[in-house]
Amino acid sequence: MRKPFVAGNWKMNTDSQSSVNLAGGIASGSSEVAGRGVDIAVFPPFVYLPSVIKALNMANIAVGAQDVYFEQNGAFTGEISVSMLKDVGCTYALCGHSERRHVIGETDELINKKVAAAISGGLLPVLCVGELLEERKASQTNEVVTRQVQNGLAGLSVEKVSAVTIAYEPVWAIGTGLTATPEQAQQAHELVRKLLAEMYDDQLAEEIRILYGGSVKPENAAELMRQQDVDGSLVGGASLKTDDFLAIIQAAL
Ligand code: PGA
């Protein structure tokens with residue numbers, strides 16, 4: 001049985017006060033369930049990681065970074081390494097979020113290096129994949145998702161890949177209010193799980209958690225979570241509102 005996992009991606013939002021308030025609200029509102037029935041993580045902006053970790057005050061909520069660089073240290077102005085994130089108390093890192101792929105221009109090859117570096121340094125990567133609207137309209141969803149999973153995990157052994165969480169986030173559903181139907185989500189998740197079984201083995205495919213992301217809200221979270229291969233959600237906009245995020249956590253139980 002895969003334990004549900006609900007993650008909040010705060011993106012480039014909050015400030016020093018509101019990030020701490022949000023973290024405190026999530027910690028107190030989820031204390032009965034956090035880590036027990038459901039794993040919870042938040043992904044604040046880099047600069048607020050230490051204060052958010054402090055505000056969570058040992059609550060059973062993990063913290064992750066929205067991105068990470070693959071080099072260990074050195075002349076890479078503006079980048080943040082795996083060891084820096086570990087040093088401040090991060091457990092996870094998003095790799096290949098669609099905004100990094102399509103706004104910043106990250107390639108599958110770069111994302112693969114980030115996933116590999118995260119695992120080697122002891123961070124758990126959340127590899128994000130998902131098709132653009134024009135790709136879905138052109139019936140290329142399976143092809144795009146397959147390519148992103150294969151390339152994102154290229155060269156990694158089965159042991160290493162067991163550290164990975166996959167997030168399927170159709171780009172047309174992110175921040176648009178358009179959610180994939182539960183059937184569309186299930187189809188993509190099933191595709192990813194079958195692919196993992198082909199690339200590695202059945203046991204790994206059964207164990208890896210695949211989250212759905214893209215306009216998850218309290219109103220649609222439970223139905224998405226009911227799908228067989230949907231193991232949780234990666235929540236953007238709704239994770240900035242304490243009550244909405246707590247309601248999505250409840251829906252995962
Ligand atoms: P959204 O974002 O919930 O605001 O659509 C999801 C994400 O980008 O992870």
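How many nonpolar, polar and charged residues are in the lining of the largest cavity? By class, that lining has 4 nonpolar, 5 polar and 2 charged residues. Ala, Val, Leu, Ile, Met, Phe, Trp, Tyr, Cys and Pro count as nonpolar, Asp, Glu, Lys and Arg as charged, and the others, Gly among them, as polar.

The model is predicted: local features need pLDDT of at least 70, side-chain atom pairs count only at pLDDT 80 or more, and totals for chains, interfaces and linings use all residues. Residues are numbered from 1 along each chain as its sequence is written, and side-chain values use heavy atoms, with hydrogens and water left out.

The search used a 1 Å grid over the protein atoms alone. A cavity is a set of points where a 1.4 Å probe fits but cannot get out. A pocket is an open set with protein on both sides within 12 Å along at least five of seven lines. Lining residues have an atom within 4 Å of a point. Grid points are joined across faces, edges and corners, and a volume is the space filled by probe spheres set on the points.

The whole structure holds 1 cavity of 30 Å³ or more. The largest cavity contains about 40 Å³ of space. Its lining includes Gly 96, His 97, Ser 98, Arg 101, His 102, Cys 128 and Glu 169. Helix 4 and strand 5 (124–129) are the elements that give two or more residues to this lining. Helix 4 supplies the largest share, 3 residues. Helices (H or I, at least four residues) and strands (E, at least two) are DSSP runs, numbered from the N terminus.

The largest pocket holds about 360 Å³. It is lined by 14 residues, and Lys 11, Met 12, Gln 66, Glu 99 and Arg 100 are the closest to its centre. The lining comprises 7 nonpolar, 3 polar and 4 charged residues.

Gln 66 sits in the loop between strand 3 (62–65) and helix 3 (82–88). A polar atom of the Gln 66 side chain lies 2.9 Å from the backbone oxygen of Lys 11.

Around the ligand are 13 residues, each with a heavy atom within 4 Å of it. Lys 11, His 97, Glu 169, Gly 175 and Ser 215 come nearest. This shell divides into 4 nonpolar, 7 polar and 2 charged residues. A ligand oxygen lies 2.7 Å from a side-chain N or O atom of Lys 11. For the side chain of His 97, the distance from a ligand oxygen to an N or O atom is 2.7 Å. A polar backbone atom of Gly 175 is 2.7 Å from an oxygen of the ligand. Taken alone, the ligand exposes 280 Å², and the protein buries 95% of that. Accessible areas come from the Shrake-Rupley method with a 1.4 Å probe; for residues, only the protein chains shown count as cover.

Notes. Polar contact = N/O pair within 3.5 Å; in protein donor to acceptor, adjacent residues only side chain to side chain.
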